[in-house]
Amino acid sequence: MARYYYKKKKKKFVPKDLASLKELKIKTALMESIPEDITQLYPEARNIKRHFILHIGETNTGKTHDALEDFYNADSGMYLAPLRLLALEIQEMSLARGINCSLTTGEEKDIRDGAKHLSCTVEKMDMSRHFDVCVIDEAQMVADSDRGWAWTEAILGVNADVVHVCMSPNAIHIVKMLIKMCGDTYTDIRHKRNSRLIVEDHDFIFPDDIRDGDALVAFSRRKVLMLATLLKKEGYKVSVIYGSLPYSVRKAEVARFLNGESRIVVCTDAIGMGVNLPIRRIIFTESKKFDGKSKRFLNMSEVKQIAGRAGRKGMYDQGYVNSIEDRDQIGELLHGRYEQITSCVIQPPRKVLDMPYSLSEIFKIWLKTIEKKCFSVADLKNRIKLAEYIEKKHGEKINKDLEYSLINIPFDENSEKLKYLWQDLVDMTADGEPVSRMWYYVDTESEDIEAMKLDDLEQLYKKLDLLNSYCNALNISEYDERIRMLKEKISELIVRELTNGEFFNKCKRCGKRLEWNHRFGMCEKCYEINKLERMRYKTDKWR
């Protein structure tokens, strides 16, 4: 925080050091770049009169289905998806109906000649084009600290005459507030479940109580794979679904369940958004999840979103919910009343690139700016770190526009391998090396691709996603087909591993096989040994 002292002669406060003065200048310039009426940042949307149709309802009430019908029937339309898998799915469904539809996500770009329809992830919304109809899906995400800014921009800035907004009931207040700020009109449509959702009144015993049509939900890929292995050994036919699966693999696993080849689904909470399956019962195999910072109990929104997948509309009169642990608390959250979302997230507008300061400096000060009305600031910590890497190592070799594109390339920043690959690609760009050199990072690993296990295949797929996003950021299309073919081959091998592979939890110290729900990474014996060794180390340290 800036420190000030009072200078009597000039009768004003003066920053005590140059760093504080610079911070004050950036903050002042930022506040001047943001109009008091934030909606004016989106002039294309302000130049038309928009009408919003708000589809309000719990999971599995048909709200997105109804909104999409208008999208399909419109002369031009845009669908804004919460997940790349959903964007791909809607493009596929559009093409099956004979509608020429383009696609853009952080990883893929499929722009089709003459296409008047576009399916994209919400971050890739095209504000420059006018559409007759737009569908914004899962708008309760507007409050998400990492991605919420994209939903805020979509509601404030989408250039469409009719805008369908699909959301859970807790987003009504904030979405209506944004629409009123824009001076647009809206209509409410309330969607209700046709099938009752019942929390079973008996404890669930795994695996004895498994039935056809069950979906078992865990909150890590590792647990999903272990559960699937155990069920296969018990003779069950299982489909596996988790967030990092390639689209074609997920599609194949869904198809196996739909055609009866598998009878059980084992999945992460990725099932909560957009996976429509004939599930009779949802079973929570655990009641806590790691959210990137700590392990916490599931919140109400998560429980409702996941449990709502039970009892698919038009197939079951009733859906059932059970849990291996904390069943009563899961039931209370499922039937509890939502707390209304009261603020939405914004990020710095692109016009801040014109300011004579580095991106990392602008983003840091942005985090300290005073929040306006119902807005809260986006979490920019990861992008600040990426910007600092570029600025410290390459200075003016990379201009601010390119830097902005590079720091917005999507990848798992918790993966050291992917982070180093991103850095190598940035270095390659700054040094003017040919783009073809990027194949060095995957070709050496793909020579013996047939022998790779699941972890390595998924890691290689993520690297290809990053290379694809890098090419998109630099508007390079000559490697699209090569990347697509290699990803397709990896997807086939992943399906093979999911079908035939066995996955168990092992003690990281002695290698002993652990139960699927064992709380620690070590067996009890090794845990106690490790505990004693730590105590001895502390004792020796203080002698």
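Q: What volume does the second largest cavity have?
A: This is a predicted model, so every value here is computed from its atoms. Searching the whole structure turns up three cavities of 30 Å³ or more. For the second largest cavity, the volume comes to about 40 Å³.

Q: Where is Asn60, the residue with a positive phi that is not a glycine?
A: Asn60 has a phi of about 70°, although it is not a glycine. To find Asn60 in your viewer, look between strand E3 (51-56) and helix H3 (63-73). Asn60 sits in the loop between E3 and H3.

Q: Why is H11 described as roughly antiparallel to H12?
A: Helix H11 (residues 359-366) packs on helix H12 (residues 381-394) with their axes 8 Å apart. Their angle is about 155°. Because angles over 145 degrees count as roughly antiparallel, H11 and H12 are described as roughly antiparallel.

Q: How do the residues of the contact of H11 with H12 divide by class?
A: H11 passes H12 in a left-handed crossing. On the H11 side are Leu359, Ser360, Phe363 and Lys364, which meet Arg383, Ile384, Ala387, Glu388 and Glu391 of H12. By class, these residues divide into four nonpolar, one polar and four charged.

Q: Are H12 and H13 oblique or roughly antiparallel to each other?
A: H12 packs with helix H13 (residues 400-407) at an angle of about 135°, and their axes are 9 Å apart. Roughly antiparallel would need an angle over 145 degrees. H12 and H13 are therefore oblique.

Q: Which residues of H13 meet H12?
A: The crossing of H12 and H13 is right-handed. H12 brings Arg383, Leu386, Ala387, Ile390 and Glu391 to this contact. The residues of the contact divide into five nonpolar, no polar and three charged. From H13, the partners are Glu403, Leu406 and Ile407.

Methods
Residues numbered from 1 in each chain as written. Predicted model: local features only at pLDDT ≥ 70, side-chain atom pairs only at ≥ 80, totals over all residues. Heavy atoms only, no water. 1 Å grid on protein atoms, 1.4 Å probe; cavity = no way out; pocket = protein on both sides within 12 Å on 5 of 7 lines; lining within 4 Å. Points joined across faces, edges and corners; volume = space filled by probe spheres on them. Axes fitted to C-alpha atoms, helices over the stretch in contact; angles between N-to-C directions. Helix = DSSP H or I, 4+ residues; strand = E, 2+ residues; numbered from the N terminus. Parallel < 35°, antiparallel > 145°, perpendicular 65-115°, else oblique. Left-handed = near helix turned anticlockwise from the far one by under 90°. Contact = heavy atoms within 4.5 Å. Nonpolar A, V, L, I, M, F, W, Y, C, P; charged D, E, K, R; others polar.
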